[in-house]
Amino acid sequence: MDSTSMEPSLYTVKAVFILDNDGNRLLSKYYDSELYPSMKEQKNFERNVFNKTHKADNEIAFVEGMTIVYKSSIDLFFYVVGSAQENELMLMSVLNCLFDSLSQILRKNVERRCLLDNMEGVFLVVDEIIDGGVILESDPAQVLQKVNYRADENPLSEQSVAQVLQSAKEQIKWSILK
């Protein structure tokens, strides 16, 4: 076996994607451009993963040499993909953080319609958890704090552009002062 593939790396997540109960892509982010470089290859991989996991009652799968952890909720399937040597617990912590953060943002309605209505928040959450394949955060409370979400406030989609800009300015000011 090649010794370079066993060296530890910060780049633990290869992809994250959310599919509906028909296997259609709602969100996907691939962090390794060499893994599946074209949209067609990505969709074929997602279809293959969905076909092997949508009826299974497991939390982990090995497909095309990749370690995949997944979770379903009502009509959604959440997937986090890592290399074959990746620690499943690390991938599962990312998946749980993603699911729990989205559950808070969607007010416990983790289903297709609510997800599509709040895609800007979903992308913010994914970007706070993972950046370029590196896991940044695995605590949902910290993720929600970073995306400036509070259950008693208006969701991002109901805020005006001025409110969002003001909130961003305040966050920058406080981070500089710290």
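Predicted model: local features only at pLDDT ≥ 70, side-chain atom pairs only at ≥ 80, totals over all residues.
Residues are numbered from 1 along each chain as its sequence is written, and side-chain values use heavy atoms, with hydrogens and water left out. Local features need pLDDT of at least 70, side-chain atom pairs count only at pLDDT 80 or more, and totals for chains, interfaces and linings use all residues.

**View 1. Helices α2 and α4 cross at roughly 150°.** The axes of α2 (residues 88–105) and α4 (residues 119–129) come within 10 Å, an axis being a line fitted to C-alpha atoms over the stretch in contact, with angles running from 0 to 180 degrees between N-to-C directions. Helices here are DSSP runs (H or I, at least four residues), and strands are runs of E of at least two, numbered from the N terminus. The crossing makes α2 roughly antiparallel to α4, a term for angles over 145 degrees.

**View 2. Phe-17 and Tyr-30 form a stacked aromatic pair.** Their rings lie 6.3 Å centre to centre, with 10° between the planes; rings of Phe, Tyr and Trp (its six-membered ring) pair if their centres lie within 6.5 Å, and planes under 30 degrees apart count as stacked. Phe-17 lies in strand β1 (residues 15–20) and Tyr-30 in strand β2 (residues 25–30), so the pair ties together parts that are 13 residues apart in sequence. Both Phe-17 and Tyr-30 are buried, meaning under 20% relative accessible area with a 1.4 Å probe, protein chains only.

**View 3. Tyr-36 and Phe-45 form another stacked aromatic pair.** The ring centres are 4.5 Å apart, with 25° between the planes. Tyr-36 counts as buried at 11% relative accessibility, and Phe-45 is buried at 1%.

Key: Parallel < 35°, antiparallel > 145°, perpendicular 65-115°, else oblique. Phe/Tyr/Trp six-rings, centres within 6.5 Å; stacked < 30°, edge-to-face > 60°. Buried < 20%, exposed > 50% of the residue type's maximum accessible area, 1.4 Å probe, protein only.
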